[in-house]
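Morning, everyone. I have one structure to show today, and I'll keep it short.

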Amino acid sequence: MDVIEIDGSDRELFERYHRLMDAVQAADSEFPTMPGLEETWVWFTARLRADRVWGLAAVDGDTWLGAAWLQESLLENTDILQVDIQVDPAYRRRGVGTRLLRAVEDVAREHDRTVLQSEVVAPYDERTTTHSPGTAFAERHGFVRKHLELHQVMEFPLPDAELDRIAAEIAPKHAGYRIVQWYDACPDEWIVQIGELWNLMFTDAPRGDLEGEPILWTPERMREREARHRDQNRFRSTTAAVAPDGTLAAFTEMSGSRDTPGVLSQAPTLVRSEHRGHRLGMAVKIVNLRALQALVDTKAVLHTWNAPENAPMIAVNDRLGFRPVENNYEYQRRL
Ligand SMILES: CC(C)(COP(=O)(O)OP(=O)(O)OC[C@H]1O[C@@H](n2cnc3c(N)ncnc32)[C@H](O)[C@@H]1OP(=O)(O)O)[C@@H](O)C(=O)NCCC(=O)NCCS
């Protein structure tokens, strides 16, 4: 068995890599969220200041056994390497995953990364901790569970009548706020404040004991992210609530890719602490759901990930009809 690097310089190898990652995730999960081929190609070939994505594949002659997705941040968290190892179910329990992990450790040492982090999927059960081949493998190799995010899904479209009912119920609570919505690029008027709200995600959203430093969302970095989304054929809707003094008090973002129209993602939702209690989280989500639904004419599933202890966010999602489908455990290991 050999391990080869997949870095976007060879399209044929890349396509084979993507096919394998995609097929293994589809075999393991009822709700896979692997990005499409072209979207992933942009991840692999873009030269960005902020991060780098590439892969490894375990091959035996012409047979591909498994692969790893690697991601490193270049501006902060320069001690961390993110990894996701996937082995074809037909070749499991033969040491393929372990061989890939050894190669990942070599990469980490070459890149001066001393912390490995990995998101591992296991079944959902609200009463108990759950396990999967991935959690058994991670624990066997000394990774420690640091955090849990519930993967929740909701089928599109939502009935308008239900959105109307909730909107009417909460309207009196946020009467003083103006709601603004935009597609794709953020208007210049809001770019600094939206970055500030993104920065608050690090302190305000639970992240367990996971190590890491905050990401600094400058306007330049926000624009870089938008440019990548454009290159990836992604579409996005953002809705924000503006307080009477002009402060952006809350925002939510949802997006999808024209490559994989059935998979939509809920990116962050955040209400500034001094503006909580006005049902602004629900208010921006409702407007944003309508805006996103106007773009999506196929059956689609909206995915979101939240810590179970994030009660206010879970309550909003429950009311909108999201249901939990998987546990995503964040594992970490120091080299
Ligand atoms: C997790 C995964 C990568 C393991 O790949 P693999 O090639 O089967 O792993 P290995 O053969 O190297 O297993 C090494 C050890 O991990 C543990 N392990 C792996 N799969 C296990 C399972 N299903 N049940 C219990 N222990 C398991 C065992 O201790 C195993 O050693 P053993 O076979 O001698 O008992 C594979 O099951 C997979 O692709 N799962 C879906 C993706 C995923 O969860 N990835 C997260 C990992 S970062």
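Predicted model: local features only at pLDDT ≥ 70, side-chain atom pairs only at ≥ 80, totals over all residues.

Start with strand β10, residues 260–271, and strand β11, residues 300–306. Three bridges join β10 to β11, and the two run parallel.

How does the chain get from β10 to β11? It passes through helix α8, residues 280–293. That gives a β-α-β crossover, and the crossover is right-handed.

Now the other neighbour of β10. That is strand β9, residues 248–257. Here seven bridges do the joining, and β9 and β10 run antiparallel. The two strands form a hairpin, with two residues between them. To find the pairing on screen, look for Ser-255, which stands opposite Ser-265 in β10. So β10 pairs with β9 in antiparallel fashion and with β11 in parallel fashion, given that two strands pair if DSSP finds at least two bridges between them.

Last stop, the helices. Look at α6, residues 191–204, and α7, residues 219–231. Their axes come within 9 Å and cross at roughly 90°. That makes α6 roughly perpendicular to α7.

Which residues make the contact? From α6, we have Ile-191, Val-192, Ile-194, Gly-195 and Trp-198. From α7, we have Pro-219, Met-222, Arg-223, Arg-225 and Glu-226. Sort the contact by class and you get six nonpolar residues, one polar and three charged.

That's my tour. Over to you.

Key. Residues numbered from 1 in each chain as written. Heavy atoms only, no water. Axes fitted to C-alpha atoms, helices over the stretch in contact; angles between N-to-C directions. Helix = DSSP H or I, 4+ residues; strand = E, 2+ residues; numbered from the N terminus. Parallel < 35°, antiparallel > 145°, perpendicular 65-115°, else oblique. Contact = heavy atoms within 4.5 Å. Nonpolar A, V, L, I, M, F, W, Y, C, P; charged D, E, K, R; others polar. Right-handed = clockwise from strand over helix to strand, strands pointing away.
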